[in-house]
Amino acid sequence: MCGGETEDRFREAREKAEEDLASKDPTWMASRAGVTYAYAEMCFRVPFLGESLRVAYPSGEVTRADGEPAGPEESLIVLHYLITADGSEEQQRWIAYRDLPGARYHEPAFRADVETPLSRALEGRLDDLRVWAERNASPAEAPGDVAAVWYALPRVPLLLVFNERDEEFPASARVLFDASAPAYLPTEDLSVLAELAVSRIIADLRAEA
């Protein structure tokens with residue numbers, strides 16, 4: 001698909017999301033998404049990958065704390081989150097991307113875009129990852145050198161599992177989802193969310209190098 005078609009498709013998705021947002025009651029959405037809606041400012045405050053994004057209502061404009069516009073992918077994911085969230089409780093059951101609705105045949109792309117880059121970036125940086133996890137996530141009961149839960153959105157936790165390289169196996173990283181994730185975002189958005197999460201982790205570790 002050429003660039004112009006991609007831009008048109010993205011613009012259409014954003015416009016539809018903004019229309020859907022404006023058609024719903026803000027307090028109804030906030031309660032289901034686990035976020036704050038400020039009446040006086042007419043905006044949502046949405047924690048997203050370690051920062052707080054502001055979503056204006058009813059326009060759907062998404063900005064960072066400094067007032068700068070959020071990135072296009074970030075904005076669309078946050079809008080979809082507010083629109084899709086149904087308030088389901090976490091199931092405390094972790095599933096791979098392939099087990100999300102309609103994702104089975106897209107697993108190779110998820111590995112290539114999410115888990116392989118994370119594995120390469122974390123190789124040899126086990127201690128740095130442990131420090132990052134202590135600051136940003138919560139420890140998880142899962143087999144691995146590091147296993148931590150990071151809330152990418154208030155009700156969308158990601159389980160990060162990393163095993164350092166040894167004499168028999170290369171370094172490996174996995175990103176898993178709570179089984180309730182489809183109640184908060186479409187499958188395609190969950191893949192993009194994981195990719196953004198990995199990019200944020202890698203950027204954080206580079207900043208600490």
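Leaving aside residues up to four places away in sequence, Thr187 touches Tyr97, Leu100, Pro101 and Ala103, where contact means heavy atoms within 4.5 Å. The model is predicted, so local features need pLDDT of at least 70 and side-chain atom pairs pLDDT 80 or more, while totals for chains, interfaces and linings use all residues. Residues are numbered from 1 along each chain as its sequence is written, and side-chain values use heavy atoms, without hydrogens and water.

**Exercise 1. Find the place of Thr187, and decide whether this residue is buried or exposed.**

Step 1: Look in helix α6, where Thr187 has its place. Helices (H or I, at least four residues) and strands (E, at least two) are DSSP runs, numbered from the N terminus.

Step 2: Check the relative accessible area of Thr187. With 14%, Thr187 is buried (under 20%; exposed is over 50%, partly exposed in between, with a 1.4 Å probe and protein chains only).

Step 3: Follow the side chain of Thr187, which reaches the backbone oxygen of Pro101 at 2.7 Å. Pro101 is also one of the residues that Thr187 touches.

**Exercise 2. Which residues line the second largest pocket?**

Step 1: Start with the space itself, about 180 Å³. A pocket is an open set of points on a 1 Å grid with protein on both sides within 12 Å along at least five of seven lines; lining residues have an atom within 4 Å of a point.

Step 2: List the lining: Tyr97, His106, Ala109, Phe110, Asp113, Glu188, Ser191, Val192 and Glu195.

Step 3: Sort by type: four are nonpolar, two polar and three charged.

**Exercise 3. In which order do the five strands of the open sheet lie?**

Step 1: Read across the sheet: β5-β9-β8-β7-β6, with antiparallel pairing. At the edges are β5 (94-95) and β6 (138-139), each pairing on one side only. Two strands pair if DSSP finds at least two bridges between them.

Step 2: Take β7 (residues 146-153) and β8 (residues 156-163), joined by seven bridges. These two strands form a hairpin with two residues between them. Val149 has Leu159 in β8 as its bridge partner, and Ala148 has Leu160.

Step 3: Move to β9 (residues 172-178), which six bridges join to β8. Here Phe162 stands opposite Ala173.

Step 4: Explain why β8 is largely enclosed by the rest of the structure: seven of its eight residues are buried.

**Exercise 4. How many cavities of 30 Å³ or more does the structure hold, and what lines the largest?**

Step 1: Count them: there is one. In a cavity, a 1.4 Å probe fits but cannot get out.

Step 2: Note the volume of the largest cavity, about 70 Å³.

Step 3: Look at the lining, which includes Leu118, Trp132, Ala148, Leu160, Phe162, Ala173 and Ile201. The elements that give two or more residues are α4, α5 (126-136), β7 and β8.

Step 4: Sort by type: 12 are nonpolar, with no polar and no charged residues.

Definitions and conventions
Grid points are joined across faces, edges and corners, and a volume is the space filled by probe spheres set on the points. Ala, Val, Leu, Ile, Met, Phe, Trp, Tyr, Cys and Pro count as nonpolar, Asp, Glu, Lys and Arg as charged, and the others, Gly among them, as polar. A polar contact is a pair of N or O atoms within 3.5 Å; within protein, one must be able to donate a hydrogen and the other to accept it, and residues adjacent in sequence count only if both atoms are side-chain atoms.
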